[in-house]
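Here are a few friendly notes to read alongside the model. Please keep the structure open as you go through them.

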Amino acid sequence: CEMGVIQKDNNRLNPRYYSFDSHVENREREIHRRIGEALMIHGDMTMTQLAIKVGCNGGGNRSQVVDALNDLKREGFIRLGERSRWRWCA
């Protein structure tokens, strides 16, 4: 890692090592599913409302919501609408 030949993920308990050339796909986690379900059931929501609904509001948990929102946006499942509200697109 120090020489820049390989990289590791952010998992502290069981880190995995990858070559810098390899592309690592994010897979669906529970938070992705819970955000999708909340948007489908309750409609457009802000990030704070989503964090409260999925139970990740506080401390370092908010970063999990931000990461999941970015993943879902990149995959085309959600988009940012009016007044900073996330909307389910799929």
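1. Leaving aside its neighbours within four places in sequence, which residues is L50 in contact with? The partners are I35, A38, L39, M45, L69 and W86, where contact means heavy atoms within 4.5 Å.

2. A word on the basis: this is a predicted model, in which local features need pLDDT of at least 70 and side-chain atom pairs count only at pLDDT 80 or more, while totals for chains, interfaces and linings use all residues. Residues are numbered from 1 along each chain as its sequence is written, and side-chain values use heavy atoms, with hydrogens and water left out.

3. L50 also belongs to the largest nonpolar core, which has 15 residues. A core here is a set of buried (under 20% relative accessible area, 1.4 Å probe, protein chains only) Ala, Val, Leu, Ile, Met, Phe, Trp, Tyr and Cys residues joined through side-chain atoms within 4.5 Å. I35, L39, L50, V65 and L69 touch the most other members. Two or more residues come from each of α1 (30-42), α2 and α3; helices are DSSP runs (H or I, at least four residues), numbered from the N terminus.

4. Helix α2 (residues 47-54) packs on helix α3 (residues 61-75) at about 115 degrees, with axes 10 Å apart. Axes are lines fitted to C-alpha atoms over the stretch in contact, and angles run from 0 to 180 degrees between N-to-C directions. That makes α2 roughly perpendicular to α3 (65 to 115 degrees).

5. The axes of α1 and α2 come within 10 Å and cross at roughly 110 degrees, so these helices are roughly perpendicular too. R34, I35, A38, L39 and H42 of α1 meet L50, K53 and V54 of α2.

Key:
Parallel < 35°, antiparallel > 145°, perpendicular 65-115°, else oblique. Buried < 20%, exposed > 50% of the residue type's maximum accessible area, 1.4 Å probe, protein only.
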